[in-house]
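Please keep the sequence and the model in view while reading.

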Amino acid sequence: MAALLLLLLAAPCMAQLTPDFYSQSCPAALSTIKKAVNKAVARERRMAASLIRLHFHDCFVQGCDASILLEDSATFVGEQSALQNFNSARGFNVVEEIKSAVEGICPGVVSCADVLAVAARDASTYVGGPTWTVKLGRRDSTTASKDLAEANLPLAFNDLDALISSFSKQGLSVRDMVALSGSHTIGMARCVTFRGRIYNETDIDAGFASGRRRACPFEAGSGDGNLAPLDLVTPNSFDNNYYKNLMRKKGLLHSDQALFSGGSTDGIVSGYARDGASFSIDFAAAMVRMGDIQPLTGDQGEIRRVCKAID
């Protein structure tokens, strides 16, 4: 019995995430984050997509621990230089602005991981997307890994099986995957990520491909950073047009169109295209499940005062 007691005392405290985690320690945390997010997205509408993507790319590597925010250090090469993030993940300065605002009212209390989770929700709401109750109490990692990021994050060139596998590894279902992909109803993509689709693929609307080619030259290395909206119809509003586009063969990325290409997810896509409310409900639920991926809690990790570096 004594040995068991010692073992329990030595084990890390595994607290549960809860929506009211900061109700006593920092009651103004959520309103402060929301105000800062609204200011950032009002300044640049694209930032909504960037903040949602940061939370997603964080959770898929080591869990939702703010590891994506860490810059390279003497002890690790971080995730920002991974193929799926390099020159595309953005919004790091905005996260630091949000974190600074929270530090101003409650120093050393709110984690960067929780800031990311709340910011993603508030960004969705600001551009007309769904809201959800964010569970809180995550702590921040003290390391990051480029190799894990490249192994775990999906690619713009993935086929359906690879996408399903990538999400399944994180404990997310096929429906979760299709719903979360709907975040591509907002945001932009770089030419280098869709060049192969608009020049080489046949499962694409000819007029759509022609239009995209005007801003994305055929030659590799030419115009790689040129941007195009992921949703050509309503690129600044969170709605279900993304799925309608897929049914018209107007998915910008190969991984987008893979969701509606004669495979097992066609029915989910067509359902969301018909019923935007169903998509919103499923997206919100999937974001909550994604936010539960392997959080650090209790006395694990740390609370960073600056998100880009370990304290």
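Helices (H or I, at least four residues) and strands (E, at least two) are DSSP runs, numbered from the N terminus. This is a predicted model, in which local features need pLDDT of at least 70 and side-chain atom pairs count only at pLDDT 80 or more, whereas totals for chains, interfaces and linings use all residues. Residues are numbered from 1 along each chain as its sequence is written, and side-chain values use heavy atoms, with hydrogens and water left out.

**A buried serine between two helices**

Ser-111 is found in the loop between helix 4 and helix 5 (112-126). With a relative accessible area of 0%, Ser-111 is buried; the term means under 20% relative accessible area, while exposed means over 50% and partly exposed lies in between (1.4 Å probe, protein chains only). Leaving out residues up to four places away in sequence, Ser-111 touches Tyr-22, Lys-99, Arg-138, Arg-139, Asp-140 and Ile-303, where contact means heavy atoms within 4.5 Å. The side chain of Ser-111 also reaches the backbone oxygen of Arg-138 at 2.7 Å. A polar contact is a pair of N or O atoms within 3.5 Å; within protein, one must be able to donate a hydrogen and the other to accept it, and residues adjacent in sequence count only if both atoms are side-chain atoms.

UniProt, in an unreviewed entry, lists residues 16-311 as "domain: Plant heme peroxidase family profile". UniProt positions are given in the numbering used here, feature names are shortened, and annotations may be inferred rather than shown by experiment. The span of residues 16-311 is 46% helix and 2% strand, and its end C-alpha atoms lie 24 Å apart.

The UniProt annotation "binding site" (unreviewed entry) covers Asp-58, Val-61, Gly-63, Asp-65, Ser-67 and Glu-79. These residues span 22 residues in sequence, yet no two of their C-alpha atoms are more than 12.8 Å apart, so they gather at one spot. Gly-63 lies in the loop between helix 3 (47-59) and helix 4 (92-105), and Gly-63 is buried, with a relative accessible area of 0%. Beyond its neighbours within four places in sequence, Gly-63 is in contact with Asp-58, Ile-293 and Gln-294. Ser-67, which lies in the loop between helix 3 and helix 4, is buried, with a relative accessible area of 0%. When residues up to four places away in sequence are not counted, Ser-67 touches Asp-58, Val-61, Gln-62, Glu-79, Ser-141, Thr-143, Ala-144 and Arg-304.

Thr-185 is found in the loop between helix 8 and strand 1 (188-190) and is buried, with a relative accessible area of 0%. Apart from its neighbours within four places in sequence, Thr-185 is in contact with Asp-231, Thr-234, Pro-235, Ser-237, Phe-238, Asp-239 and Tyr-242. Asp-239, in the loop between strand 2 (227-229) and helix 11, touches Thr-185, Asp-231, Thr-234 and Phe-279, again not counting residues up to four places away in sequence.

| Side chain | Partner | Distance |
|---|---|---|
| Asp-239 | Thr-185, side chain | 3.0 Å |

**Helix packing**

Two packed helices are described by the angle between their axes and the distance between the axes. Here axes are lines fitted to C-alpha atoms, for helices over the stretch in contact, and angles run from 0 to 180 degrees between N-to-C directions. Helix 3 and helix 14 (residues 276-291) pack at an angle of about 45°, with their axes 10 Å apart. The contact is made by Ile-52, His-55, Phe-56 and Cys-59 of helix 3 and by Met-287, Met-290 and Gly-291 of helix 14.

Helix 13 (residues 266-274) is mostly covered, since seven of its nine residues are buried, and what covers these buried residues includes helix 8 (174-181), helix 11 (241-247) and helix 14.
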